Amino acid sequence: MVQTVDSIAAVSDSWDVARVRADFPVLHQTVNGKPLVYLDNAASSQVPQVVIDRGSIYLEQEHSNIHRGVHYLSQRATTAYEGAREKVKRFINAREARECIFVRGATEGINLVMYGYGRKFIGEGDEIIISAMEHHANIVPWQMLCQEKRARLRVIPMNDAGELLLDEFDGLLNERTKLVGVVHVSNALGTINPVKEMIAQAHKYGVPVLVDGAQAAPHMPVDVQDLDCDFFVFSGHKMYAPTGSGIVYGKAELLEKMDPFQGGGDMIKTVTFEKTIYADLPNRLEAGTPAIASQIGLGAAIDYLNAIGREQAAAHEAELLRYATERISAIEGVRIVGTAKNKASVLSFVIDDIHPHDIGTILDQEGIAVRAGHHCAQPVMQRFNVPATARASFAFYNTKEEIEVLARTIERVIEIFS
Ligand code: 7TS
């Protein structure tokens, strides 16, 4: 039977992790003969049945192109797609749905802002500020822009715990600063940055701020009006939706000033060989046929998160992080990378004399999925003087028992190598 969000009872006071796990078919399998322990949620989280079913409904009953058909199926697909945009609007508390632009993910979102806003409003001698803990997705596009425009990239440093130095940030802001790009939650360290304060700091200089919310949107309530951010991007596949879904939120007045990222169908009012008049928001920034099924899935994932209770989910994840930090940092030879006071859902660690890839491989043999590598944040690795880390990242469906399995397997890894 097809599951709908209405059929999911809200999980109340105490977090019923077994109940929530039952919603995720992928979790119930063995890997290398062991029950899967999925702790790579920062790379991609799993998809609940209700989201899978919503995708199937689209493919079985609604599949057609949006915005252009007068026929029944196209109207149903358009209603579902635009309905998903409304859900996103409420999810991040945007003022208007047209401020939510569908993209393939955070990377495409940041590139959209770079092309549409950066290339138009940032020039020679201007400065862009990012932080020392950005994912490559929030570094490379700005480097490309700086190279093209002869602008300068400046970097907010961090301390040994992985916390940004806000006094240094203040010192970097000046009349040449044209944009700040900062990650809300670091994927490599787990640090939750005080983005609201940073945005207020930047706004004193009239500088717009892009927040990379790829690791924040799945784990904490986000209110773009309260943050007063100018742009906010996230990926659906890290928040229980399919790959190919994601959002750039932008304040309407900024999105309206931007050049289109791509030209093509669905983003125009009229086209002649002499001139094209672009469509209004959001269409002018969404050229071509989008990932309709994926974005509808994002809408269903938002419904799911609302149904299970985002705050209780976040509280459970905070407890998992607390428990994992205490248990794993107590193992001799393990060092946690990223010890900020304010952290979310990510535990990066290294073990003396054992390469993280070896740790990841042995954990995999035991059915445990973690990520080992630089996490697309090589400057973070350089800052902490490690080639890579092993990273366990938690979702609300993980359990303390899984963390115990992880901890015991880490102890075995150390034994094997000693
Ligand atoms: N920003 C942050 C903070 C991220 O963690 C990621 C992906 C991205 C941007 C890019 O997102 P995408 O969906 O466009 O690829 N981070 C990770 C990770 O930590 N492991 O795999 C992907």
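Thr389 belongs to strand β17, which spans residues 389–393. Helices (H or I, at least four residues) and strands (E, at least two) are DSSP runs, numbered from the N terminus. The model is a predicted one, in which local features need pLDDT of at least 70 and side-chain atom pairs count only at pLDDT 80 or more, while totals for chains, interfaces and linings use all residues. Residues are numbered from 1 along each chain as its sequence is written, and side-chain values use heavy atoms, with hydrogens and water left out.

Thr389 is buried, with a relative accessible area of 0%. Here buried means under 20% relative accessible area, exposed over 50%, and partly exposed in between (1.4 Å probe, protein chains only). The side chain of Thr389 makes a polar contact of 2.7 Å with the side chain of His375, and another of 3.1 Å with that of Ser348. A polar contact is a pair of N or O atoms within 3.5 Å; within protein, one must be able to donate a hydrogen and the other to accept it, and residues adjacent in sequence count only if both atoms are side-chain atoms.

Ser345 sits in the loop between β13 (334–337) and β14. Ser345 also counts as buried, at 5% relative accessibility. Its side chain is in polar contact with the side chain of Glu317, at 3.5 Å.

**The ligand**

The shell around the ligand has 16 residues, of which Thr107, Asp212, His237, Arg371 and Arg391 come nearest. A residue is counted as near when one of its heavy atoms lies within 4 Å of the molecule. By class, the shell divides into 6 nonpolar, 6 polar and 4 charged residues. In this division Ala, Val, Leu, Ile, Met, Phe, Trp, Tyr, Cys and Pro count as nonpolar, Asp, Glu, Lys and Arg as charged, and the others, Gly among them, as polar.

Domain 1 (5–47 + 309–417) and domain 2 (54–306) each supply at least three residues of the shell. The domain bounds come from an automatic or database domain assignment.

| Residue | Protein atom | Ligand atom | Distance |
|---|---|---|---|
| Arg371 | side-chain N or O | nitrogen | 2.5 Å |
| Gln215 | polar side-chain atom | oxygen | 2.7 Å |
| Ala106 | polar backbone atom | oxygen | 3.4 Å |

On its own the ligand has 490 Å² of accessible area, and the protein covers 87% of it. Accessible areas come from the Shrake-Rupley method with a 1.4 Å probe; for residues, only the protein chains shown count as cover.

**Cysteines**

How many disulfides does a search of the whole structure find? The search finds 0, where a disulfide is a pair of cysteine sulfur atoms within 2.5 Å. For Cys100 the closest cysteine sulfur is that of Cys229, and the separation of 11 Å is too far for a bond. Seen from Cys229, the closest cysteine sulfur is in Cys100, again at 11 Å. Cys100 is buried at 0% relative accessibility, and Cys229 is buried with a relative accessible area of 0%.

**Backbone geometry**

Most residues other than glycine have a negative phi, and most peptide bonds are trans. The peptide bond from Leu281 to Pro282 is cis, with omega near 0°. Pro282 is in the loop between β12 (276–278) and α10 (292–308).

Asn32 is in the loop between β1 (30–31) and β2 (34–35), and is partly exposed, with a relative accessible area of 48%. Asp353 is in the loop between β14 (346–351) and α12 (356–365), and is exposed, with a relative accessible area of 81%.

Thr30 lies in strand β1 and is exposed, with a relative accessible area of 54%. Thr30 and Gly367 are 337 residues apart along the chain, and their C-alpha atoms are separated by 7.0 Å.

Lys400 is in helix α14 (residues 400–417) and is partly exposed, with a relative accessible area of 33%. Lys400 and Asp352 are 48 residues apart along the chain, and their C-alpha atoms are separated by 25 Å.
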